[in-house]
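Here is a colleague's note to read alongside the structure, written as numbered points. Please keep the sequence and the model open, and look up each residue as it is named.

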There are 2 protein chains.
Amino acid sequence: MVARAMANFSLTDLRLVNPRDGWPSDKARAAASRADHVIDAVRLFDTVEAATADLNFVLATTARPRDSFKPVRGPEEAAQDLKRRIGLGEATGILFGRERWGLNNHEVGLADEIVTFPVDPNFASLNIAQAVLLMSYAFQVAGKEGDLSPRFEAKVPPPALKADLFRLFEHLEASLDRAGYFFPEAKREVLTQNLRTMLTKAAFSEPEVRTLRGVVKAFDHESGRLADGGGAKTGEGGE
Amino acid sequence: MVARAMANFSLTDLRLVNPRDGWPSDKARAAASRADHVIDAVRLFDTVEAATADLNFVLATTARPRDSFKPVRGPEEAAQDLKRRIGLGEATGILFGRERWGLNNHEVGLADEIVTFPVDPNFASLNIAQAVLLMSYAFQVAGKEGDLSPRFEAKVPPPALKADLFRLFEHLEASLDRAGYFFPEAKREVLTQNLRTMLTKAAFSEPEVRTLRGVVKAFDHESGRLADGGGAKTGEGGE
């Protein structure tokens with residue numbers, strides 16, 4: 001049903017993370033009706049991180065605005081922003097959750113912004129295929145009334161690829177772990193989430209992420225040096 | 001499914017003309033999930049004429065623009081016009097066709113205007129519930145732009161006071177200096193500027209700046225501990 005919803009609005013790049021019922025799926029192909037081209041092009045991933053690694057910007061869909069400091073947009077505004085980013089050469093994606101309980105906090109944390117649907121708070125009952133349909137429609141009609149002056153926006157560098165950002169997370173968290181930052185252990189999860197959320201929100205470009213890697217590396221070298229009982233100064237400014 | 005689609009966007013007035021499988025329908029009630037209030041309020045009619053008799057303005061939905069001299073609108077434009085008319089006190093309705101073959105020419109002829117969906121001409125496959133969902137959504141968001149986002153955006157915390165940001169700069173730079181980051185010395189100025197520029201651009205809030213201070217402090221503690229020849233782990237997560 002998701003494949004059909006996408007095909008109605010000319011979207012074709014469907015990525016699945018650990019599909020519950022396995023893949024390929026005869027049931028999915030049957031439900032997709034004539035959207036075989038979408039089903040044939042499906043790519044499978046083990047993690048959301050892997051599925052979004054080659055993207056610059058990711059929207060997470062949630063049923064209702066969460067207690068999150070990520071920007072929350074309606075479908076129209078979000079779709080317009082996606083079109084603007086695509087016009088600037090960014091690779092973008094929209095993340096949908098499981099049919100029963102959506103995305104968990106970790107998964108939402110991997111996204112740059114949140115898109116939510118203006119449904120009646122007393123009756124919110126969209127399934128995934130319906131959410132995909134609405135988002136695909138919004139994307140199709142976005143920005144039809146007038147241009148968004150990409151000329152002025154062009155100077156802002158795009159956010160780094162998610163793969164680079166995720167590597168920064170891992171590097172920083174390993175170094176902080178060694179430094180005793182995640183203490184007490186019970187706080188590890190929330191501390192990690194806070195860091196990831198704020199570093200994602202900052203939308204650092206690839207050179208900026210590289211600079212941050214250099215910063216962490218400098219601390220790594222220092223602690224290595226001190227653990228070895230001192231030694232020559234190692235410049236990391238060039239990173 | 002139509003009742004559920006409507007309920008998501010607070011619409012409740014569902015009128016059926018000669019339902020194929022009779023009425024009331026247990027199957028329909030089950031598919032409507034919790035949209036019982038829509039099912040309970042359904043009204044039955046023998047003809048489209050009877051179903052639309054008390055309306056001032058009727059839109060007919062069609063899968064593709066027909067050879068018709070009626071105005072053809074997209075969902076957004078049509079929805080805005082409906083809201084305008086309702087604001088003027090008009091009673092309005094949207095006419096959807098049969099699942100298999102839509103509305104016949106006579107039925108389309110009863111409507112004032114046509115609304116059609118901007119689907120891919122090579123893959124048009126919306127069922128009635130999806131068409132109702134899209135139209136309900138379009139009606140919900142019509143004329144809302146600017147209305148939706150400020151409410152959501154209010155949650156985004158303001159950037160920290162510059163004084164807090166500057167203290168972070170000083171703290172980070174002192175720690176990095178100690179770690180040998182600014183090497184060779186000639187690069188100190190540009191490296192410092194790069195860091196300050198990117199941390200400013202990120203527009204971190206006060207709690208986020210505090211978190212970053214905690215990160216730097218963790219590295220400080222680690223190097224202090226190692227310089228002292230090791231010692232007890234100091235948790236900095238609470239920062």
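1. A:Arg20 forms a salt bridge with A:Asp21, and the closest N and O atoms of the pair are 3.0 Å apart; a salt bridge here is a side-chain nitrogen of Lys or Arg within 4 Å of a carboxyl oxygen of Asp or Glu. A:Arg20 is exposed, with a relative accessible area of 75%, and A:Asp21 is exposed as well, at 54%. For these words, buried means under 20% relative accessible area, exposed means over 50%, and partly exposed lies in between, with a 1.4 Å probe and protein chains only.

2. Before going further, please note that this is a predicted model, in which local features need pLDDT of at least 70, side-chain atom pairs count only at pLDDT 80 or more, and totals for chains, interfaces and linings use all residues. Residues are numbered from 1 along each chain as its sequence is written, chains are lettered from A and ligands numbered from 1 in the order in which they are written, and side-chain values use heavy atoms, with hydrogens and water left out.

3. In chain A, the residues A:Asp13, A:Arg15, A:Arg43 and A:Asp54 are linked in a network of salt bridges. In chain B, the side chains of B:Glu77 and B:Arg73 meet at 3.0 Å, N to O, in a salt bridge, where B:Glu77 is partly exposed at 42% relative accessible area and B:Arg73 is partly exposed at 24%. Another salt bridge joins B:Glu185 and B:Arg188 at 2.7 Å, N to O; B:Glu185 counts as exposed at 51% relative accessibility, whereas B:Arg188 is partly exposed at 25%.

4. Chain A has 239 residues, of which 50% are buried, and its secondary structure comes to 11 helices and 6 strands. Helices (H or I, at least four residues) and strands (E, at least two) are DSSP runs, numbered from the N terminus. Among contacts in chain A between residues at least 6 apart in sequence, 80% join residues at least 24 apart, where contact means heavy atoms within 4.5 Å.

5. How far apart are the end C-alpha atoms of helix H5 of chain B? They are 18 Å apart, which agrees with the 18 Å that its 13 residues, 75-87, should span at 1.5 Å a residue; the expected span is 1.5 Å times one less than the number of residues. The buried residues of H5(B) are B:Pro75, B:Ala78, B:Ala79, B:Asp81, B:Leu82 and B:Arg85. Seen down the helix axis, these buried residues fall within an arc of 160 degrees, so they line one face of the helix, the arc being that of the directions from the axis to the C-beta atoms. Among the elements that cover them are helix H7 (128-141) of chain A and strand E3 (57-62) of chain B. Just after H5(B), B:Gly89 takes a positive phi of about 95 degrees.

6. The contact between the two chains takes 72 residues from chain B and 75 residues from chain A. Together they bury about 6,600 Å², 60% of it on carbon and sulfur atoms; buried area is the accessible area (1.4 Å probe) that two parts lose on being put together, summed over both. Across this interface there are 3 salt bridges, and B:Glu222 and A:Arg178 meet in a salt bridge of 2.8 Å, N to O. The largest share of the side of chain B that touches chain A, 12 residues, comes from H11(B).

7. A cis peptide bond joins B:Trp23 and B:Pro24, with omega about 0 degrees, and B:Pro24 lies in the loop between strand E1 (15-17) and helix H2 (26-31). Another cis peptide bond joins B:Phe183 and B:Pro184, with omega about -5 degrees, and B:Pro184 sits in the loop between H9 and H10.

8. B:Ser33, in the loop between H2 and helix H3 (36-40) of chain B, has a positive phi near 55 degrees and is partly exposed at 36% relative accessible area. B:Ala203, in the loop between H10 and H11 of chain B, has a positive phi of about 55 degrees although it is not a glycine, and counts as partly exposed at 32%.
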